[in-house]
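Let us take a friendly walk through this structure together. Keep the viewer open as you read, and turn the view whenever a new part comes up.

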Amino acid sequence: MANAYTPGLLVTESIVVRKRRRLPILGEVMVKAGDVVKPHDVVARTQVPGDPETVNIANQLDLEGDEVLEVMKKKKGDSVKKGEVIAEKVTFFGLFRSPVHSPIDGTVDNVSDVTGVVTLRRPAVPVSILAYVHGTVSEVMPREGVVIETPAALIQGIFGVGGETQGTLEIVAQTNADILSGDKIKPEHKGKIVVGGSLVTADALKKAAQVGAAGLVAGGIIDQDLIEYLGHDIGVAITGAEDIPITVILTEGFGRINMAEKTFNLLCSLNGKVASINGATQIRAGVMRPEIVVTSENSQQSAERDLSSGMEAGTPIRIIREPYFGQLATVHSLPPELQLIETGAKVRILTAKLASGEIVTIPRANVELIEG
Amino acid sequence: MEQKRKLRSILATDCGSTTTKAILIELVDGVYRLICRGEAPTTVEAPFEDVTMGARNAIHEIEELMGRTFQDESGIITPQRDSKVGVDIYLSTSSAGGGLQMMVAGVVKQMTAESAERAALGAGAIVMDAIAINDGRLPYQKIQRIRQLRPDMILMSGGIDGGTVTHVVELAELIAAAEPRPRLGIGFNLPIIYAGNKQARKHIESTLAEKADLRMVDNLRPVLEKEILGPAREEIHNLFMEHVMAQAPGYNKLMSWTDVPIMPTPGAVGKMIETVASQKKMTVIGVDIGGATTDVFSVFADTFNRTVSANLGMSYSICNVMLESGLDNIMRWVPFNIDAADLRNRIRNKMIRPTTIPQTMQELIIEQAIAREALRLAFEHHKSLAVGLRGIQTQRDIAEAFEQTATGASLVDLMKLGMIVGSGGVLSHAPRRVQSALMMLDSFVPEGITQLAVDSIFMMPQLGVLSGVNPEAAQQVFDRDCLIRLGTAIAPVGTAKEGDDCVSVKITTSQGQSVEHKAAYGSIHLIPLAEDEVAEAVAKPARGFDLGRGKGNEVQSKVHGGVVGVIIDARGRGPLGLPSDKPNRIRKLVEWYKALDAYPMDILAKYLGKEETVSG
């Protein structure tokens, strides 16, 4: 059998996390290999060219494109101030002057003698890349960025919204089935990452934003609650750039779903520690899952994961489709031959032992390994 | 030719956004046949970040099933050493990692920008935006948009050869001002293909050469009345290999394994559809519904068109199907009640766990309902882009003058459509083939007499790339192992009251056996006709119904059989007669499913309410 299975999400108390921190365009790396960095340290920076603004001089002065050079008061590369004259047409021996003023502060980027359009560019915008996690610079990609390495506990979620942030983990659930409702969020949660159990409610989202919490973590969410909070629907699963004050990470999916016990227990053990979290999710073209990273002092674990073993009897799994969606189980058997399921399709299946002890048949495509 | 004759075995993979599919083709008794297939999840994403792992896993499945060895540590073993080890050639297509993402630009939106869009789509790209001088956006808005997008490359056109250069240079200046960056490869300049007015080349070069990796090819519209897309498409494929594939995780390794360049998956499927249309001399629509996108291909009036609906798919973009179609439109195909909130959560969970499959009949029917809407929306999109050249002088005969058809009218004519070929997981892997036929009928709503077929195991991409190396092998496998004929649909156009006469059909097989069927409006019927059978059909539509020869006029035609048979679709056209009130709609859906034996009715009964029994 080939290893045809869905790799699960990583939930581990000890692993070496490597974070690649890259600039959007080439720039300057501010640290060197071996440096120890904190989450808010700038590791690389660059200047992104400012927004351009075009001025159609030919149109404004009723000229042909190739006549524009003759009336220009500024040339390519000159800096200009808003309101400054950049071109001027003089007629009737200097009696009439038709000036064109710069609409912005910036520089002259281009003067076209074909179209008669002048391109002005606003000042460059500085962009800095932060370390995001506490760790050591393990690799420098010259002019591009760095790789930061740290031993850490790592929990990958299934879906999230909101970008990178840090905060102290605060567990407010007694069990992995508890609902994270608004009344559980207090003013003292300002700047913290609040962890619930099975579901984060709409009022919890509002309350968390009110008190200034940094993030929320729970098993699931009702899709309409999330859409209402975001103010727009989600068509494709590419998130992370939402304009919202808190980062939300779901560990299981949509609906009320108990957080996997292993995930919940690990988060409980990390209660009170500072975590770096990121809700960014991208389920195509370079998959990205949301994550919770808690740096630890040392670790013997390697970042290399053993992905060759696949599943065997006893392997813990999560069922990720109806009719057993969200349930945790262990592999009971792995029959090699294709089997008929209710839909009439013949597929590879496994039998799984649910928490209740019941043995059920599941297509292999509908389970994922609980990794870590 | 010498080499083609010598090919004994061909291994081909298609690295899709979700699954990597491998097929083994071999020469058996002088004919190329599909021997075995395997598949595995695509591994472009973390933690693997190496496309070759998924390819190896898919090929490994074939190795296990066949008890043979095709790969070693360094890659694929070529050529074939003996009956157990190696293959003669290895090929691959890819749409993983987001496929090929392009931006196009032209001077006039409906002319050169549209030609550029057709060139990019035909080459297998997703078109992120089409910028034009007259697209209604202000210059700063266009610049903002170009800056936001990080395409893999830009195709730029504008002006006829010898025409004015000002506008196309203006376009180049907008692009230069935006300083666009490529999606992959931080230190690389963005490739820009210029396929516009030749007289403007030197200005384009002085504007863009420093800021981009500029390539020049022949004008897409050298004169207004002509559209030449070939050179631009060829350059797109070259750049796809040089820039996009070279930057994606593991592709350098995969490229070193393949014997010919990797093709973008949709480009390969398109090539196969074109081949089918020319071989069978008929108008064809092909559709490939994937996890992220739905591609529609058509050949009407000898013109090939491809469109891709980038955000209509069955997994990654499934929520966008729900968003664009609305939940009610999905639910109209479902014959049972389900809580809307529960359904929304299920659809979102499919989005975040894209590789899962339906396990229950309820889930299957919901998934196929979503597929109908994705297909319908993608087809609407296709019809709007598969149009004749706009703004040109055309000679019209007197009938056309009376019809007042404008230039740029859609080329898609459902009455003239000869065949629909469906591809993609939800169509190719439907547990019963009749389900695929019904999905295509419901979403494309073909008129008159139309053949239906599916790509049996999702291998058109591999055959498309193979057709460039060995067309004979591609054609033989396509006919014998890839294309599964479902049958023929006979669908009169018109509406009436339920139960009114609609059409009577007499089918006579080659052995002279006849069967006659009278279909009332609002019904659907199935007449079994074997896959290799071509029968004579005489269809007489009732007054007010048209089968292509005018209302009420009899049509005689050959009809192909298939694994489903001949479907008399008397549910009406313009529009399809799906009742709008829920009880009647559910009653009709159950009736149609029963008539076609589309689902096991005993299992379906579990999910139907008391009022929605299957007995009636």
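The paragraphs below go from the contact between the chains to the domains, and then to sheets, helices and single residues.

Keep in mind from the start that this is a predicted model. The contact draws 57 residues from chain A and 59 residues from chain B. On the chain A side, the elements that give two or more residues are β5 (52-56), β9 (106-111), β10 (117-121), α4 (223-230), β20 (247-254) and β28 (359-363) of chain A. The largest share comes from β5(A), with 3 residues. If you colour this side of chain A by residue class, you will find 30 nonpolar, 16 polar and 11 charged residues.

Now stay with chain A and look at how it is divided. Its domain assignment gives domain 1 (52-121), domain 2 (158-289) and domain 3 (316-369). Between the C-alpha centres of domain 1 and domain 2 of chain A there are 53 Å.

One sheet of chain A deserves a look of its own. It is an open sheet of 5 strands, in the order β28-β27-β24-β23-β29 (chain A), and the pairing is antiparallel. Which strands are at the edges? They are β28 and β29 (367-369) of chain A, each of which pairs on one side only. Averaged over the sheet, neighbouring strands are turned by 50° against each other, direction ignored. Zoom in on β27 (residues 349-354) of chain A, which is joined to β28(A) by 5 bridges and runs antiparallel to it. Within that pair, T351(A) has T361(A) of β28(A) as its bridge partner. The strand β28(A) has already come up, as one of the elements on the side of chain A that touches chain B.

Leaving aside neighbours within four places in sequence, A173(A) is in contact with D178(A), L180(A), V195(A), G196(A) and G197(A).

Next comes chain B, where the assignment gives domain 1 (2-96), domain 2 (99-257) and domain 3 (262-488). The C-alpha centres of domain 1 and domain 2 of chain B lie 34 Å apart. Their contact takes 11 residues from domain 1 of chain B and 9 residues from domain 2 of chain B. On the domain 1 side, α2 (51-66), β5 (75-76) and β6 (89-94) of chain B each supply at least two residues. Here α2(B) gives the largest share, 3 residues. By class, this side of domain 1 has 5 nonpolar, 4 polar and 2 charged residues.

Chain B also has an open sheet of 5 strands, ordered β8-β7-β9-β10-β11 (chain B), with parallel pairing. At its edges stand β8 (125-132) and β11 (213-216) of chain B, each with a single partner strand, so one side of each is left without a neighbour in the sheet. Neighbouring strands are turned by 20° against each other on average, direction ignored. Strand β7 (residues 100-106) of chain B runs parallel to β8(B), joined to it by 7 bridges, and Q101(B) stands opposite I126(B) in β8(B). Helix α5 (residues 166-178) of chain B packs on this sheet, touching β7, β9 (153-156) and β10 (191-194) of chain B, and its direction makes about 165° with that of β9(B). Helix α7 (residues 230-247) of chain B packs on the sheet too, touching β7, β8, β9, β10 and β11 of chain B, at about 170° to the direction of β10(B).

Finish at β18 (residues 483-491) of chain B, where 9 of the 9 residues are buried, so the strand is largely enclosed by the rest of the structure. Its antiparallel partner β17 (residues 448-455) of chain B is paired with it over 8 bridges, and D455(B) has L483(B) as its bridge partner. Strand β24 (residues 565-570) of chain B runs parallel to β18(B), joined by 4 bridges, with G487(B) partnered by G565(B).

Note on methods. Residues are numbered from 1 along each chain as its sequence is written. Chains are lettered from A and ligands numbered from 1 in the order in which they are written. This is a predicted model: local features need pLDDT of at least 70, side-chain atom pairs count only at pLDDT 80 or more; totals for chains, interfaces and linings use all residues. Two residues are in contact if their C-beta atoms, placed from the backbone, lie within 7 Å. Ala, Val, Leu, Ile, Met, Phe, Trp, Tyr, Cys and Pro count as nonpolar, Asp, Glu, Lys and Arg as charged, and the others, Gly among them, as polar. Domain bounds come from an automatic or database domain assignment. Two strands pair if DSSP finds at least two bridges between them. Axes are lines fitted to C-alpha atoms, for helices over the stretch in contact, and angles run from 0 to 180 degrees between N-to-C directions. A residue is buried if 20 or more other C-beta atoms lie within 10 Å of its own, exposed if 12 or fewer, and partly exposed in between; C-beta atoms are placed from the backbone.
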